[in-house]
Amino acid sequence: MTKAKESAKVSHLPEHGPIDENGREVLLSLKNVDITFGKGDNAVRAVKNASFDIYKGETFSLVGESGSGKTTIGRAVIRVNPCAAGEIQYKGVRISGKTTHSLDREVIRNIQMVFQDPAASLNERATVDYIISEGLYNFHLFKSEKERVAKVEKIIEEVGLLPEHLTRYPHEFSGGQRQRIGLARAMVMEPELVIADEPISALDVSIRAQVLNLLKKFQKERDVTYLFIAHDLSIVRFISDRIGVIYKGDIVEIADAEELFNFPLHPYTRSLISAIPIPDPKLEKNKVLFTYDPSVHDYSEDKPSLTCIGHNHYVYGNAKEIEEYKAIREKGVKLKSVTILDPNAPTEENKTAVEESIPSGDYILDHPIHDTGNKWLAILSFFLPIPGFIAALIFRKCNYIRNFKMCRKGALAGIITFGVLVLLFLALLFSATL
């Protein structure tokens with residue numbers, strides 16, 4: 001009997017997951033997972049050969065830019081997105097693909113998700129009381145109505161809301177309050193693993209810290225494990241035990257939080273760290289971003305893989321790159337990802353350094369602030385095409401590109417229109433003389 005068939009017949013989750021060589025319990029494990037959307041020539045491989053473990057009681061953060069595959073992995077864990085290859089294990093039991101009904105219910109109960117958009121993830125036609133109680137109803141997690149009400153009221157108070165809020169609807173709450181309701185809906189099920197899909201990206205800065213403190217509070221009190229999905233490294237540094245960096249579906253680096261920030265070996269990780277804003281506006285103004293260029297890798301013959309270089313640090317690269325990463329790490333010298341220009345240095349020196357750090361095609365940033373391309377410029381140029389052409393030439397010389405295009409557009413339209421009218425007038429005049 002194959003391993004897949006044996007896993008399909010498992011009907012219950014074990015009490016504990018497997019223990020790794022360091023004595024840590026592996027709660028969730030992704031093994032060579034591929035996730036593909038579409039079929040045939042239109043197929044898009046959103047996640048490629050993703051492999052990592054999440055240990056019980058830790059916060060594992062998955063970080064990357066928009067479209068990199070973070071949410072796709074999170075949705076695959078809750079079985080919304082099917083795996084095209086590889087498998088996902090929970091407590092050593094395969095939960096991807098076909099499973100028994102009893103195992104499916106246990107997984108749903110033990111793995112909950114907090115979604116990015118608190119408005120879209122809540123049923124607008126249901127009261128807060130029903131939204132939080134829906135899981136309790138589906139899994140019969142109360143013996144009496146009194147016990148259900150007590151559970152709901154307790155969890156709503158733990159997330160910082162009041163029992164009287166239970167009779168209201170989601171649209172009556174602010175974004176931060178709605179996210180608290182979503183968190184209460186997940187936590188009332190008493191899950192072991194919570195997938196937090198950018199739970200604070202839609203919130204104000206003042207509310208973010210409150211939601212993060214709530215997550216840490218639940219982790220401390222209930223021994224909850226988090227898969228925290230985000231695109232902002234400045235946030236995950238202070239709440240994560242380990243961080244995984246993903247780029248276009250590839251996991252490019254995994255390490256402990258401080259290890260990753262002290263020794264960001266993969267150039268994409270360094271580019272993410274350099275993009276973290278500096279609170280001091282003077283330093284931020286003189287900062288030079290580290291730009292990641294994928295063309296620096298030559299994977300035509302020597303194929304890359306995610307390899308451990310020691311210190312529980314994994315980096316994606318081919319054999320040559322891995323040796324270079326190991327040599328850098330063994331030196332023990334912290335890597336610098338942010339360069340701050342000296343404001344007192346000669347202007348030409350600063351200008352050269354900045355120009356080298358800006359990719360080609362980004363010179364639109366140098367355009368004047370009043371280069372808005374106002375539609376009135378096109379209207380005036382339409383009725384006065386000759387002055388419009390003159391204004392367009394002046395705007396182009398002064399690098400007002402949007403204004404130039406608007407004047408040129410209006411002037412051309414005006415000349416064509418007046419030309420057509422003149423031709424019609426001459427045609428009518430000619431026909432009248434015959």
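Predicted model: local features only at pLDDT ≥ 70, side-chain atom pairs only at ≥ 80, totals over all residues.
Local features need pLDDT of at least 70 and side-chain atom pairs count only at pLDDT 80 or more, while totals for chains, interfaces and linings use all residues. Residues are numbered from 1 along each chain as its sequence is written, and side-chain values use heavy atoms, with hydrogens and water left out.

Biologist: Which residues does Leu233 touch, not counting residues up to four places away in sequence?

Modeller: Leu233 is among the members of the largest nonpolar core that touch the most other members. Such a core is a set of buried Ala, Val, Leu, Ile, Met, Phe, Trp, Tyr and Cys residues joined through side-chain atoms within 4.5 Å; buried means under 20% relative accessible area, exposed over 50%, partly exposed in between (1.4 Å probe, protein chains only). With contact taken as heavy atoms within 4.5 Å, the residues are Val63, Ile243, Phe261, Thr269, Leu272, Ile273 and Ile276.

Biologist: How many salt bridges does the structure hold?

Modeller: A salt bridge is a side-chain nitrogen of Lys or Arg within 4 Å of a carboxyl oxygen of Asp or Glu. One of them joins Asp20 and Arg24 at 3.3 Å, N to O. The number is 16.

Biologist: Is Arg148, which forms a salt bridge with Asp129, buried or exposed?

Modeller: The closest N and O atoms of Asp129 and Arg148 are 3.1 Å apart. Arg148 also meets Glu145 in a salt bridge at 2.5 Å, N to O. Glu145 is partly exposed at 44%, whereas Arg148, at 3% relative accessibility, counts as buried.
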